[in-house]
Each structure stands twice: as C-alpha cells, then as structure tokens.
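Here are my notes on the model you sent over. Have it open while you read, as I jump around a bit.

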Amino acid sequence: MNTINYQSGYKHLTLKKINENPLSRFFAWTHREEKNRIAWVGISITAMSAVFFPVTMSAILFNGAIFKLIIGAMISLALVVITNLAALPTKYTIPAFVLGVVIDIVLIIVSFSH
C-alpha cells in the first residue's frame with residue numbers, strides 16, 4: 001500500500017476583516033474605474049452641462065434670480081468641466097461630479113426657500 005507524506009510545516013494564517021465605510025468603498029471604486037475614464041468624461045460633462053446646470057439655473061431664475069445662487073451653479077459646473085479638461089484620473093473626476101450634483105441639488109432646494 002502506498003502512502004502519501006505531507007509536510008507539517010504550515011503557517012496558521014488568520015483572515016482580518018477590513019472595516020470599510022461607504023466612503024472608502026466609493027473611493028476604491030473610483031480608482032478602479034480608471035479603465036472607463038473616457039466614458040466618465042462624457043457622462044459627467046454631458047450630464048452637468050445639459051441636465052443639472054440648466055435645471056438648477058431654471059429653478060434659481062424662476063424663484064428670484066439670487067446672484068449668490070447663480071454663482072454657486074456656475075461654480076458647480078466649472079468644478080466638473082475643469083477637472084475633466086485637466087485630464088485628472090477618475091479618482092478625482094467622479095467625486096467632483098458627485099459634489100457638483102450635490103451642490104446643484106442644494107441650490108435648487110435653497111432657491112425654493114427664498
């Protein structure tokens with residue numbers, strides 16, 4: 001009868017659970033999206049300049065045309081356009097796009113409260 005001998009010199013490895021919060025998972029995802037950088041440039045510039053900026057400006061202008069809110073809308077558009085034209089990696093452009101959208105949503109809400 002044949003026997004098989006195994007070496008008994010193994011290491012005991014423990015698995016560590018990495019506590020990730022949603023923000024760290026989001027930034028890790030943005031880093032992995034580098035392969036789709038051109039698509040994100042198109043999505044973010046088109047969505048911001050053709051959807052979010054006009055809707056935000058319409059809400060601001062229909063509710064009193066407050067100069068500070070107009071400047072805020074322009075800053076959110078410039079944030080997205082400048083980061084994409086500077087050809088920054090997606091770990092910067094995607095959070096800038098999300099921040100621009102959040103700024104526009106806040107500006108719309110504020111314009112209705114005046």
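1. Ground rules. This is a predicted model, so to speak of local features I need pLDDT of at least 70, while side-chain atom pairs count only at pLDDT 80 or more and totals for chains, interfaces and linings use all residues. Residues are numbered from 1 along each chain as its sequence is written, and side-chain values use heavy atoms, with hydrogens and water left out.

2. Overall fold. The protein has four helices and zero strands, and along the sequence the pattern reads α-α-α-α. Helices here are DSSP runs of H or I with at least four residues, strands are E runs of at least two, and both are numbered from the N terminus. Of the 114 residues, 27% are buried (buried is under 20% relative accessible area, exposed is over 50%, partly exposed is in between, with a 1.4 Å probe and protein chains only). Take the contacts between residues at least 6 apart in sequence: 75% of them join residues at least 24 apart. Contact means heavy atoms within 4.5 Å.

3. Helix 1 against helix 4. A pair of packed helices is described by the angle between the axes and the distance between them. For helix 1 (residues 22-32) and helix 4 (residues 90-113), the axes come within 7 Å and cross at roughly 125°. Axes are lines fitted to C-alpha atoms, for helices over the stretch in contact, with angles from 0 to 180 degrees between N-to-C directions. Helix 1 and helix 4 are therefore oblique to each other (under 35 degrees is roughly parallel, over 145 roughly antiparallel, 65 to 115 roughly perpendicular, and the rest oblique). On the helix 1 side, F26, F27, W29, T30 and H31 make the contact, and they meet T90, K91, I94, P95 and V98 of helix 4. By class, the residues of this contact are six nonpolar, three polar and one charged. The classes are Ala, Val, Leu, Ile, Met, Phe, Trp, Tyr, Cys and Pro as nonpolar, Asp, Glu, Lys and Arg as charged, and the others, Gly among them, as polar.

4. Helix 2 against helix 4. How do the axes of helix 2 and helix 4 cross? They do so at roughly 10°, coming within 10 Å, so helix 2 is roughly parallel to helix 4. The residues of this contact divide into 14 nonpolar, five polar and two charged.

5. S44 and N84. This pair deserves a look. S44 is in helix 2 and N84 is in helix 3 (residues 67-85). Which of the two is buried? S44 is, because its relative accessible area is 1%, and N84 also counts as buried, at 7% relative accessibility. Their side chains are joined by a polar contact of 2.9 Å (a pair of N or O atoms within 3.5 Å; within protein, one must be able to donate a hydrogen and the other to accept it, and residues adjacent in sequence count only if both atoms are side-chain atoms). The S44 side chain also reaches the backbone oxygen of W40, at 2.8 Å. Leaving out residues up to four places away in sequence, S44 touches V80, N84 and F97, whereas N84 is in contact with V41, S44, I45 and T93.

6. I45 sits in helix 2 and is partly exposed, at 25% relative accessibility. Apart from neighbours within four places in sequence, its contacts are A50, V80 and N84. I43, also in helix 2, counts as partly exposed at 44%. From C-alpha to C-alpha, F97 is 8.5 Å from I45 and 9.5 Å from I43.

7. Two loop alanines to check. A65 lies in the loop between helix 2 and helix 3, and its phi is near 50°, a positive value in a residue other than glycine. A87, in the loop between helix 3 and helix 4, has a positive phi of about 60°. A65 is partly exposed at 39% relative accessibility, and A87 is partly exposed at 44%.
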